[in-house]
Amino acid sequence: MIERFLPTVDEVLFAMSERPLGMGEEAKVYKVHTNPKFTVRVSNEAPSFEILAQQIFDEKFTLQKDIFEGRNYGQAVAYMGLDEHDEHMAMVTLCWYAPGFSIEIWKPGQNEPSSDEALMKTMALSQTMLNLPDKAIDDVYDDLHFLSSKRYSIDTGNCGWFSNMGNILLDAANKRLQVIDIQPFYTQHPGINMNHTKGFNTPLYLAHGLITGSFKHAKEHSKYPTLIEYRTEMMERIISGAERNHINDLGGYISADMDKIAHIWDHQLSLLNIEEKYKNDFVKRICSVEQEQRYPVAKNIEPMIRVAGRSMYT
């Protein structure tokens with residue numbers, strides 16, 4: 001290693017021999033228990049443990065510049081095994097450990113929960129989310145402001161139609177939410193507005209990431225009155241947070257004016273089965289939020305090496 005504060009090679013390999021902390025479509029993440037500020041993120045395309053271990057011994061890790069001014073997004077601090085086709089992708093990264101657990105009810109590699117189990121999990125997580133202080137919501141909005149200024153974005157799935165809830169962690173001990181697994185603004189892709197300024201850092205996508213269970217079993221869950229009440233209250237908190245923190249949906253990847261964005265909000269709220277009187281008020285309020293430029297905008301996207309899967313964007 002090139003810096004003492006990084007885990008040693010032995011610590012990295014020990015972590016990789018343990019059960020993963022988490023698994024996704026792109027990578028496995030291991031906690032470095034002997035150096036708990038760090039995790040190891042390993043591409044799902046990586047070779048066997050034996051081959052990868054030898055590569056780590058031979059190549060060592062390269063330290064990465066901190067472009068987020070000390071903020072923790074679970075981002076890589078060192079990397080090895082650069083992709084020969086994409087200089088921003090690596091086979092293995094050492095990342096900051098972000099405390100908390102995923103608020104999604106199902107993860108790749110797990111058995112999909114039954115409808116009853118999914119409802120139980122969704123109800124419990126929804127209640128926990130509602131018990132968070134307003135500061136937790138405000139801090140996430142501040143992260144969205146900051147990420148946009150650096151021209152990075154929260155991560156999404158399904159071609160951008162919902163936030164990956166596995167990438168927003170609930171730190172129950174400190175009563176806060178932690179954004180992880182961020183991505184740079186896409187610079188070229190057919191159909192994406194090239195003049196955007198926010199990426200997915202908008203209230204619409206934040207709502208997708210904080211309304212637990214809005215993707216899996218969404219149709220069944222929209223029938224339960226108590227859960228609808230929880231979601232209505234959570235949506236109220238998300239929109240109030242947007243008002244307090246002066247951030248709206250314009251300037252993101254959706255190339256649309258506010259009328260079109262209002263239609264998308266209306267549709268999403270209808271899927272959650274939120275009552276008409278609340279839905280109409282929510283749409284009116286979210287469309288009235290005035291944008292604030294909280295941080296100076298970087299002129300260029302500074303490179304960040306990360307483990308990422310191959311997709312239509314790469």
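**Cavities and helix packing**

Modeller: About 40 Å³ of space lies in the second largest cavity. Bear in mind that this is a predicted model.

Biologist: Which residues line the second largest cavity?

Modeller: The lining consists of Thr202, Leu204, Tyr205, Asp249, Gly252, Tyr253, Ile254 and Ile261. By class, five of the lining residues are nonpolar, two are polar and one is charged.

Biologist: And how many cavities of 30 Å³ or more turn up in the whole structure?

Modeller: The search finds four.

Biologist: What volume does the largest cavity have?

Modeller: The largest cavity has a volume of about 50 Å³. Its lining is made of Ser126, Met129, Leu210, Ile211, Thr212, Tyr230, Arg231 and Met234.

Biologist: Which helix gives the largest share of that lining?

Modeller: Helix 7 does, with three residues. Helix 3 (115-130) and helix 7 (225-245) each supply at least two residues of the lining.

Biologist: How does the lining of the largest cavity divide by class?

Modeller: Into five nonpolar, two polar and one charged.

Biologist: Switching to packing. At what angle do helix 5 and helix 8 pack?

Modeller: Helix 5 (residues 203-210) and helix 8 (residues 258-271) pack at about 15 degrees, and their axes are 11 Å apart. Angles under 35 degrees count as roughly parallel, so helix 5 and helix 8 are roughly parallel to each other. Their crossing is left-handed.

Biologist: Which residues make the contact?

Modeller: On helix 5, Pro203, Leu204, Ala207 and His208; on helix 8, Ile264, Trp265 and Gln268. Five of the contact residues are nonpolar, two are polar and none is charged. Leu204 of helix 5 is also one of the residues lining the second largest cavity.

Biologist: What about helix 8 and helix 9: roughly parallel or roughly antiparallel?

Modeller: The angle between helix 8 and helix 9 (residues 276-286) is about 150 degrees, with the axes 10 Å apart. Angles over 145 degrees count as roughly antiparallel, so helix 8 and helix 9 are roughly antiparallel.

Biologist: Left-handed or right-handed crossing for helix 8 and helix 9?

Modeller: Right-handed. Ala262, Trp265, Asp266, Leu269 and Ser270 of helix 8 meet Lys279, Phe282, Val283 and Ile286 of helix 9. By class, that contact has six nonpolar residues, one polar and two charged.

Biologist: Where does Trp265 of helix 8 come in?

Modeller: Trp265 takes part in the contact with helix 5 and also in the contact with helix 9.

Key:
Residues numbered from 1 in each chain as written. Predicted model: local features only at pLDDT ≥ 70, side-chain atom pairs only at ≥ 80, totals over all residues. Heavy atoms only, no water. Axes fitted to C-alpha atoms, helices over the stretch in contact; angles between N-to-C directions. Helix = DSSP H or I, 4+ residues; strand = E, 2+ residues; numbered from the N terminus. Parallel < 35°, antiparallel > 145°, perpendicular 65-115°, else oblique. Left-handed = near helix turned anticlockwise from the far one by under 90°. Contact = heavy atoms within 4.5 Å. Nonpolar A, V, L, I, M, F, W, Y, C, P; charged D, E, K, R; others polar. 1 Å grid on protein atoms, 1.4 Å probe; cavity = no way out; pocket = protein on both sides within 12 Å on 5 of 7 lines; lining within 4 Å. Points joined across faces, edges and corners; volume = space filled by probe spheres on them.
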